[in-house]
Amino acid sequence: MNSKVKGFLQILLILLVTAAMGVVAYVGIGQGHALSAKNIRLGLDLAGGVSVTYEATKENPTAREMDDTVYKMQKRVENESTEASVYQEGSNRVTVDVPDVDDPQAVLDKLGKAGALEFVMLSDCKIDENTKEVTYDKDKVLLDGSMISDAEATTQQQSSGANENVVKITFTGKGAKKFGEVTSENVGANLTIIYDGKEVSSPTIQTAITDGVAIVSGSFEKFSDAEDMAATLRIGALPLELKNIRSNIVGAKLGITSLETSLIAGVIGLILVILFMIVMYRIPGVAASLALVLYVAATLLALNGLNVTLTLPGIAGVILAIGMAVDANCIIFTRIREEIATGKTVRSSIKIGFEKALSAIIDGNVTTLIAAVVLYIKGSGTVMGFAQTLAIGIILSMFTAIFITRWLLYGFVSLGLDDAKWFGTQKERKPINFVGNFKKYIVISGILFALCIGGLIFNKVQSGQILNYSLDFMGGSSTSITFDEGANGFDGNGNASNDFKNEVTETVKQSTGLTDAEISDVAGERTLIVRTTDLTEDQQKQVVADLGTKYNVTKENIEIETISASVSNEMKSDAVIAVVIAAICMLIYIWIRFKNLAFGASSVIALIHDVIVVLMVYAVGSAFISVGSTFIACMLTIVGYSINATIVVFDRVRENRKTAGSRADVANVVNDSITQTLSRSINTSITTLIMVVVLAVLGVDSVRQFAIPLIAGIVSGCYSSVCLAGTIWFFLNKLSKKAKK
């Protein structure tokens, strides 16, 4: 086949695949519009969802019992959505908000279950054959859920040869011993397995079971039913028995305007990134831009297909990932230009450029992917949601850069675009003495650290808190306002307009003197819920008086409750533990790949530096930047971004050390390596900054509070990878050699 025809077909195929993916992402497949971007699950802030409030049946539950109940409900509800929110309301209530669900009633039914598994001899209980409900004396319970160490959904073969869905239960040491005694003493009798007060099965004990494993079968029509029961048992029974006292369908907290402005920002940012890439890299920039469009379409399909719940910070994260997706391309194109500069042909330069760039791309992305996996396994809530989005972005960006961009470049060359002027030549740049300027960098970083500490201390003295914590972290007050029929601001179905919600929000702010408030509506109920930081008694009275005067709402229709933080202490601990484990795993991976512990230690030090810089922005800008759920996402984004940028520099150091030999001046190797990767570091930072700056300019306030610290983190990430990481490695490596002598 003629090379031009082959190149044309290669490019045409990629364009057709991209167009097809774009059409599917926009329109969907079939009558249900499967995989359409419109079907991506959205969080409470964008689409609303189900809000259900439970009350403990026990009078005066302890704070520990309430905390444990909130945490276990959070873990349970994560089976429905990683972006679900659970918080305490008053002294004995728990409210659960689940975003964008298809079957609200099914969610409500599942959440309220106590998850109690009990084993009772059939002779000691009475079973209603119609409802399967079991009546029994609690003193007759032989084993319960507290004796379970693990539960797993699986299948087993029946005597007929058919498979059935079962739950395999593994008991604790104490439970295994007790289960062995029960089965040994009652061979031939029936043991009733009771779950949430209903009979699961009453099998005959055939023989003594002393291995601590039991199989629950007979009631799972679908495998997902067995998975639900196993998940509930693993989490454990709730410390308190709960009753459902209120359930509503709630509207979006931020409204459709937030979504629209974020999407507009994404489109504008994408166009600007494409223009930048084409101007900077010419034909390779065109290839990268086409691959980037395919990446965006693939990301939308993946979010939909994997059923990821997308919140406003999540959208910001996806948009940020667009800027980061060109990183691998910048590494590759720099390598291609270097090869062209040595006199090689364009086709040969493309081949060698991809080969030389591969190790940096793989190491950088695998390291970040390790972090994503750890965060998903060990984290909870928004951390899990962030990890999903991060992993999707890493895998798809690697694929598009390594394969799609390469096929496009070869296609363009086959069409005759093989002149070096279309690709550019890397100019020889005089090495910059980064190692020699290390003291200056220490002073700059020291000033930033001092600003961070000073800001934290100042905030503590002024407000009692080191940072401006939002409702997500501090909790506060929830004001529920029910308006009379015919009230202005509602349509015929009892739903409030965005303008009316904004008006009520401003009224509450003026009454309380607060600058921050969240509002949502209860669908069809003419009820608005305004959440603020904790209100004093005087503030509460003023809110009731002002709402009553302005909207003719009676005191009886205004309910103010204290609510806990939606980010619980356990969730914070989970996030910290996940980040620590991720950092250790990344350090070990870098140590193994680079065969030098100093590389791993230097990358972690640079990472910590960038996190402190972002924390400094939150501390110094506490008057207008609050610490909420987006704070965790922001910090995690910087962790991934920082480690990726650092590894690109280290990869070049590793390569140049091999080339230069053992007698080469290590300081010169470091300076050469950083200088050679400088254009990549700057260009990647610019493309990422383009996306985030557009978000900061066009986004709503909550997005802006996410974007501004990210801007600081991206700049710091570029600074630390260029100025700090390599030089820190140089001195650590030097100390290591001295210690060995």
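Trainee: What order do the three strands of the open sheet come in?
Mentor: The order is β8-β9-β12, with antiparallel pairing. Strands here are DSSP E runs of at least two residues, helices are H or I runs of at least four, and both are numbered from the N terminus. Two strands pair if DSSP finds at least two bridges between them. This is a predicted model, where local features need pLDDT of at least 70 and side-chain atom pairs pLDDT 80 or more, while totals for chains, interfaces and linings use all residues. Residues are numbered from 1 along each chain as its sequence is written, and side-chain values use heavy atoms, without hydrogens and water.

Trainee: Which are the edge strands?
Mentor: β8 (148–157) and β12 (213–216), each of which pairs on one side only. On average, neighbouring strands of this sheet are turned by 30° against each other, direction ignored.

Trainee: How many bridges between β8 and β9?
Mentor: Nine, in the antiparallel sense, with β9 covering residues 163–171. Glu 152 has Lys 168 in β9 as its bridge partner.

Trainee: And which helix packs on the sheet?
Mentor: Helix α5 (residues 173–185), which touches β9 and β12. Contact means heavy atoms within 4.5 Å. The direction of α5 makes about 115° with that of β9. Axes are lines fitted to C-alpha atoms, for helices over the stretch in contact, and angles run from 0 to 180 degrees between N-to-C directions.

Trainee: Switching to rings. How many aromatic pairs?
Mentor: The count is 21. Rings of Phe, Tyr and Trp (its six-membered ring) pair if their centres lie within 6.5 Å; planes under 30 degrees apart are stacked, over 60 edge-to-face, the rest tilted.

Trainee: Why is the pair of Tyr 469 and Phe 473 stacked?
Mentor: Their planes are at 20°, with the ring centres 5.9 Å apart, so the pair counts as stacked. Ring pairs also link Tyr 469 and Phe 473 with Tyr 618 and Phe 631 into a cluster.

Trainee: What about Phe 483 and Phe 500, how are they arranged?
Mentor: Edge-to-face, at 5.3 Å centre to centre and 70° between the planes. Phe 483 is in the loop between β14 (476–482) and α15 (498–512), and Phe 500 is in helix α15, so the pair ties together parts 17 residues apart in sequence.

Trainee: Is Phe 483 buried or exposed?
Mentor: Buried, at 2% relative accessibility. Phe 500 is buried too, at 7%. Buried means under 20% relative accessible area, exposed over 50%, partly exposed in between (1.4 Å probe, protein chains only).

Trainee: Which ring does Arg 654 sit over?
Mentor: The charged end of Arg 654 sits over the ring of Phe 594, 4.1 Å from its centre. The criterion is NZ of Lys or CZ of Arg within 6 Å of the ring centre and within 35 degrees of the ring normal.
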